[in-house]
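User: I'm new to this one. Can you walk me through it?
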Amino acid sequence: MIVITAPTGNIGRHLVSRLLDSAARGEELRVIVRDPARLPEAVRERVEVVTGSHGDPAVVDRAFAGADAVFWLVPPDASRTPEDAYRGFTRPAANALAAHGVGHVVGVSALGRGTPVAGRAGLVTASLAMDDLIAGTGVAYRALANPSFFENVLEEAGSIREKGVFSDLVDADRKAPMVAVADIAAVAAGLLLDRSWTGTGSVPVLGPRDLSPNDLARIMTERLGLPVRYERQAPEEVRTTLVGHGLDPAFVEGIVDMKRAKDDGLDAGVARTPDTASPTTFEQWCAQTLEPAVLS
């Protein structure tokens with residue numbers, strides 16, 4: 001029995017699809033979801049559904065009963081402080097993992113552990129503390145150590161379409177790994193299906209190559225057939241914009257601190273090898289995902 005949290009999210013929906021394709025291997029799937037109607041009908045027919053939030057002690061207690069493995073992903077909640085959004089949300093699950101003797105957990109986390117900026121990286125610092133909480137339960141745990149997602153660019157599809165501009169806080173020439181969420185799901189599926197691993201550790205998922213914002217602008221210009229440029233924002237601009245959207249000020253500070261840390265090399269602490277690289281290129285992702293969103 002594999003339990004999947006956040007099954008309708010960017011990573012979760014890819015993971016569910018992959019695990020259903022492997023159902024012939026004898027794995028049963030159970031998902032935790034607030035609104036079962038958001039699951040495709042073909043998925044609902046083939047999984048056990050536990051309705052509710054996986055931050056709810058009663059929900060995770062019910063969902064983890066009899067589970068061999070859990071896929072853990074904390075949903076973004078900008079109404080909470082980073083500490084509460086990650087460790088606070090995860091604490092009921094940690095208790096339930098120990099109570100039910102779950103053997104293996106794969107969690108979505110971030111790069112940065114062991115780097116000089118890991119302790120001042122906002123949301124990433126909170127995510128690494130969440131990893132420690134889960135590892136402390138005694139389960140075999142693998143934290144998927146991810147860089148920024150290609151999918152983050154989708155948040156600026158409108159600006160790219162209307163103004164040919166996307167923005168962030170990092171230096172325009174700062175190269176860093178980036179990854180497609182489908183590749184993260186593929187690594188998670190492999191770990192959940194082959195549970196021969198023990199102990200705790202991180203599994204970096206680094207994409208095929210490092211890219212700077214200027215690289216992204218060049219590739220988008222080529223792929224979309226319209227000029228795209230990058231604008232670097234000051235921390236205060238990012239802070240003011242996010243607070244204006246109604247986000248909790250402490251959570252906003254966590255975002256700004258994370259972006260500053262990335263500009264200081266947070267994601268540069270792990271070397272890319274055949275084991276840490278993932279296959280989807282930004283060019284492929286643009287053709288498959290960004291182009292329909294921008295040009296539709």
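Analyst: One term to start with: buried means under 20% relative accessible area, exposed means over 50%, and partly exposed is in between, with a 1.4 Å probe and protein chains only. By that cut-off Ala-6 is buried, with a relative accessible area of 17%. This is a predicted model, so local features need pLDDT of at least 70 and side-chain atom pairs count only at pLDDT 80 or more, while totals for chains, interfaces and linings use all residues. Residues are numbered from 1 along each chain as its sequence is written, and side-chain values use heavy atoms, with hydrogens and water left out.

User: Where is Ala-6 placed?
Analyst: Ala-6 is in the loop between strand E1 (2-5) and helix H1 (10-21). Helices (H or I, at least four residues) and strands (E, at least two) are DSSP runs, numbered from the N terminus.

User: What is the phi of Ala-6?
Analyst: Positive, about 50 degrees, although Ala-6 is not a glycine. Most residues other than glycine have a negative phi.

User: Zooming out, how many helices and strands are in the chain?
Analyst: Eleven helices and twelve strands. The radius of gyration is 19 Å, close to the 19 Å that the globule rule gives for 296 residues, so the chain is as compact as a globular protein of that length. That radius is taken over C-alpha atoms, and the rule is 2.2 Å times the number of residues to the power 0.38.

User: What does the C-alpha trace span?
Analyst: About 55 × 40 × 40 Å along its principal axes. Of the 296 residues, 52% count as buried.

User: What about contacts along the sequence?
Analyst: Contact means heavy atoms within 4.5 Å. Among contacts with a separation of 6 or more, 78% join residues 24 or more positions apart.

User: And the surface?
Analyst: The chain exposes about 12,900 Å², and carbon and sulfur atoms supply 49% of that. Areas come from the Shrake-Rupley method with a 1.4 Å probe; for residues, only the protein chains shown count as cover.

User: How many positive and negative side chains?
Analyst: There are 30 positive and 39 negative side chains, and the centres of the two sets lie 1 Å apart. Lys and Arg count as positive, Asp and Glu as negative; His and the chain ends are not counted. The place of a charge is NZ of Lys, CZ of Arg, CG of Asp or CD of Glu.

User: Let's pick a helix. Is H5 enclosed or open?
Analyst: Ten of the 13 residues of H5 are buried, so H5 is largely enclosed by the rest of the structure. Among them are Leu-123, Met-130 and Asp-131. Their cover includes strands E4 (69-72), E5 (104-110) and E6 (140-146), plus helices H4 (82-100) and H10 (249-263).

User: How far does H5 reach?
Analyst: H5 covers residues 123-135 and reaches 18 Å from its first C-alpha to its last, close to the 18 Å expected at 1.5 Å a residue. The expected span is 1.5 Å times one less than the number of residues.

User: And H8?
Analyst: The twelve residues of H8 (residues 213-224) should span 16 Å, and the end C-alpha atoms are 16 Å apart, which agrees. Buried residues in H8 include Pro-213, Ile-219 and Leu-224. Helix H6 (157-163) and helix H11 (282-295) are among the elements covering the buried residues of H8.

User: What follows H8?
Analyst: Gly-225, whose phi is positive, near 75 degrees.

User: New topic: some arginines. Where does Arg-18 lie?
Analyst: In helix H1. Arg-18 is partly exposed, at 43% relative accessibility. Leaving out residues up to four places away in sequence, Arg-18 touches Ala-182, Ala-185, Ala-186 and Ala-189. Arg-18 and Gly-190 are 172 residues apart in sequence, but 9.4 Å apart C-alpha to C-alpha.

User: What about Arg-195?
Analyst: Arg-195 sits in the loop between helix H7 (181-193) and strand E10 (200-204). Arg-195 is partly exposed, with a relative accessible area of 23%. Beyond four places in sequence, the residues that Arg-195 touches are Ile-2, Glu-27, Asp-68, Ala-69 and His-104.

User: Last one: is Val-59 buried or exposed?
Analyst: Buried, at 5% relative accessibility. Val-59 is in helix H3 (residues 57-64). Outside four places in sequence, Val-59 touches Ile-32, Val-50, Thr-51, Gly-52 and Ser-53.
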